[in-house]
Amino acid sequence: MNASAVATRPQLQSRLESRPEPPRRPRRLHLHQTLNSVVIAIIVVVQVYPLAWLFISSVRTPQDFASGNPFALPTEVTFDNYARAFSTGNLGLNILNSLIVTLGASVLIVVLGMMAAYALQVLGFRFSGFVRGLFLIGIIVPVQIALVPLFVDYSAVGLLDTYQSMIIPLAGFSLPMSIYLFSSFYQYIPQETYEAASLDGAGPYRIFGQITFPLSVNTIVTVVLVNSIFIWNDFIFANTFVLSDDLKTIPLGLQNYIGAMGNVDWTATFAAVCVTITPLLLVFLVLNKAMIYGLESGATKG
């Protein structure tokens, strides 16, 4: 019995050695992480390179940009382009006008979007789901179909060439997505919180001001930042409803850098674009975490 057991030990050992080794999961995981890192690096390069090229081109001399390779590094660095950008056009006034329009439209979007979402999601009423669906249909409505009717109405009531002529349509076309984000976020607030506040004697306005509004800070930041890009870069409404140079926003003001016969002062234009996009970049860098949290809480559910 012992001899047979001893005789089978080499066979068992050979069988164990001949078995294929199980796949090594750490190696696959490492490969997966490497591929993810490569893809993320490519995306970052694609996104950052145009901005880097824009800033580099804004400090090149006009002769260097015109005669040399436009994608090469500058042979001479100059900041005269920024001074020429302010002297050629009303860049400071254009930035102020864009700031007024952006702030005005953002206030309307936040106030009306929060109130509409609060009525639809928290208070609730008959056919509230149908009303929410009507708001969401507004996401697919193109802005171009409203230009002629709005121009006729503005001419009749005297709103042409005013800040309101740009703020009202910009806020109106941004409301559907804002209502969706606020409504989706309000689903995360426990209903027991509202019931407890009602038992304590709080009315709907007090509940909105003391419970719903403080909890919506991250969603408010998200809504403002997402819509600010569209509002800050708006050209179609400003070009249609603004008639005087005093109310021109940044996209309209950049047309001032086009000279006679279509000649363009490219380096001054690049400097002007750098000045105009810097505020948005700084705001995004400061508030990016709040924006990401607001998008996750407003789009995961609903």
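Figure 1. Helix α6 (residues 128–137) gives the largest share of the patch, 3 residues. Ile140 sits in the loop between α6 and α7 (147–157), and this residue is exposed at 69% relative accessible area (buried is under 20%, exposed over 50%, partly exposed in between; 1.4 Å probe, protein chains only).

**Figure 2. The fold at a glance.** Of its 302 residues, 34% count as buried. Residues are numbered from 1 along each chain as its sequence is written. Because the model is predicted, local features need pLDDT of at least 70 and side-chain atom pairs count only at pLDDT 80 or more, while totals for chains, interfaces and linings use all residues; side-chain values use heavy atoms, leaving out hydrogens and water.

Figure 3. On a 1 Å grid over the protein atoms alone, a pocket is an open set of points with protein on both sides within 12 Å along at least five of seven lines, whereas in a cavity a 1.4 Å probe fits but cannot get out; lining residues have an atom within 4 Å of a point. Grid points are joined across faces, edges and corners, and a volume is the space filled by probe spheres set on them. Helices α5 (91–123), α11 (217–232) and α14 (266–299) each supply at least two lining residues, with α5 giving the most, 5. The lining has 9 nonpolar, 3 polar and no charged residues (Ala, Val, Leu, Ile, Met, Phe, Trp, Tyr, Cys and Pro count as nonpolar, Asp, Glu, Lys and Arg as charged, and the others, Gly among them, as polar). Among the lining residues are Thr102 and Ser228, which lie 126 residues apart in sequence but 6.3 Å apart in space, C-alpha to C-alpha. Thr102 belongs to helix α5 and is buried, at 8% relative accessible area.

**Figure 4. The largest cavity.** A search of the whole structure finds 1 cavity of 30 Å³ or more, and the largest cavity has a volume of about 50 Å³. Its lining includes Ser98, Met166, Trp232 and Asp234. Helices α5, α8 (163–186) and α11 each supply at least two lining residues.

**Figure 5. Salt bridges.** The structure holds 2 salt bridges, each a side-chain nitrogen of Lys or Arg within 4 Å of a carboxyl oxygen of Asp or Glu. Arg60 pairs with Asp64, their closest N and O atoms being 3.2 Å apart. Arg60 is buried at 1% relative accessibility, and Asp64 is buried at 10%. Asp245 and Lys248 form a salt bridge at 3.2 Å, N to O; Asp245 is partly exposed at 48%, while Lys248 is buried at 17%.

Note on methods: Helices (H or I, at least four residues) and strands (E, at least two) are DSSP runs, numbered from the N terminus.
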